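Reader: Hi, I'm new to this one. Can you walk me through some side-chain details?
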Amino acid sequence: MRTETMNQSPPHHSKTLFEKNGVSLMATILSSSSTSDDDDHDGIILTLYLHRHTEKNVINPTTISLLVQALHVIDTHPILSHTNNKSLIITGIDHDDLKICKFFGNGFMRTERGYIQWPEARLGMRLTKGFAELSKDKISDYAVLREGLLTAKRYTSREALAAGIIDGEYPLEELYAAAFRFAVEGLPEASDNPLEYFDPKAYTEMKMEIWCTSYRALKFGKVSDLPHSRI
């Protein structure tokens, strides 16, 4: 077990739930009480760490298999299966120093370096059906979508934030703490905006409805599907 210090974070203790070949899953259990009872908590923040440095955290069949195994732990682990009050952070990290990390995806970027890009046009590739629909569902500004997809523009953190691609940008040393606070504030039972009758099944179905086209493309589509094919 390891315990980390987060700026302005509630009292907590942490447990490693999964660790294999450079992918690990840690549960940070929030508790305002003095007990260490895992069932008596104010929420759980899960952090999925990718630190496969020899492969530069590339997404390949091995990485996907490890991610599936880690996600299975989220669905089945005893301290997680009986609570809905949990959030997930996905991050690439230096395993020896929890302050050296990057939070990627539709979330946060570090300010000092790096970029976000749709590289397909630069690489002479087309988008898969699922990723094309996901991009259209997640990027509401058509001008940004057109520029990003058709020019393969590399967006800095400032440009990505202005374009609505990410939710925030922070210096490296503040990045994980910012993601952690965001995850705590987004817990279903968060004190500032609690979802009193939260139902994970209904919540999942609501998100499926909001992003129905991309869900169907990712769920039922194939990599070989033609661009004009129906889902």
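Predicted model: local features only at pLDDT ≥ 70, side-chain atom pairs only at ≥ 80, totals over all residues.

Reader: Okay. Is His 51 buried or exposed?
Author: His 51 has 11% relative accessibility, which is under the 20% cut-off, so His 51 counts as buried.

Reader: Where is His 51 found?
Author: His 51 is in a loop. That loop runs between β3 (43-50) and α1 (61-76).

Reader: Which side chain does His 51 join in a polar contact?
Author: That of Ser 24. The contact between the two side chains is 3.2 Å.

Reader: Next, Ser 14. Which strand does Ser 14 lie in?
Author: Strand β1, which covers residues 12-20.

Reader: And is Ser 14 buried or exposed?
Author: Buried, at 0% relative accessibility.

Reader: What does the side chain of Ser 14 make a polar contact with?
Author: With the side chain of Thr 28, at 3.3 Å.

Reader: Changing topic to rings. How many aromatic pairs does a search of the whole structure find?
Author: The search gives 4 aromatic pairs. One of them is Phe 108 with Tyr 170. Their ring centres are 5.6 Å apart, and the planes make an angle of 55°, a tilted pair.

Reader: Which parts does that pair tie together?
Author: Phe 108 is in strand β6 (residues 108-110) and Tyr 170 is in strand β7 (residues 168-170), so the pair ties together parts 62 residues apart in sequence.

Reader: What about Phe 198 and Tyr 203, what kind of aromatic pair do they form?
Author: A tilted one. The distance is 5.1 Å centre to centre, with 55° between the planes. Phe 198 is partly exposed, at 22% relative accessibility. Tyr 203 is partly exposed too, at 34%.

Reader: Last one. What lies over the face of Trp 211?
Author: Lys 138 does. Lys 138 is 4.7 Å from the ring centre of Trp 211.

Definitions and conventions: Residues numbered from 1 in each chain as written. Heavy atoms only, no water. Phe/Tyr/Trp six-rings, centres within 6.5 Å; stacked < 30°, edge-to-face > 60°. Helix = DSSP H or I, 4+ residues; strand = E, 2+ residues; numbered from the N terminus. Buried < 20%, exposed > 50% of the residue type's maximum accessible area, 1.4 Å probe, protein only. Lys NZ or Arg CZ within 6 Å of the ring centre and 35° of its normal. Polar contact = N/O pair within 3.5 Å; in protein donor to acceptor, adjacent residues only side chain to side chain.
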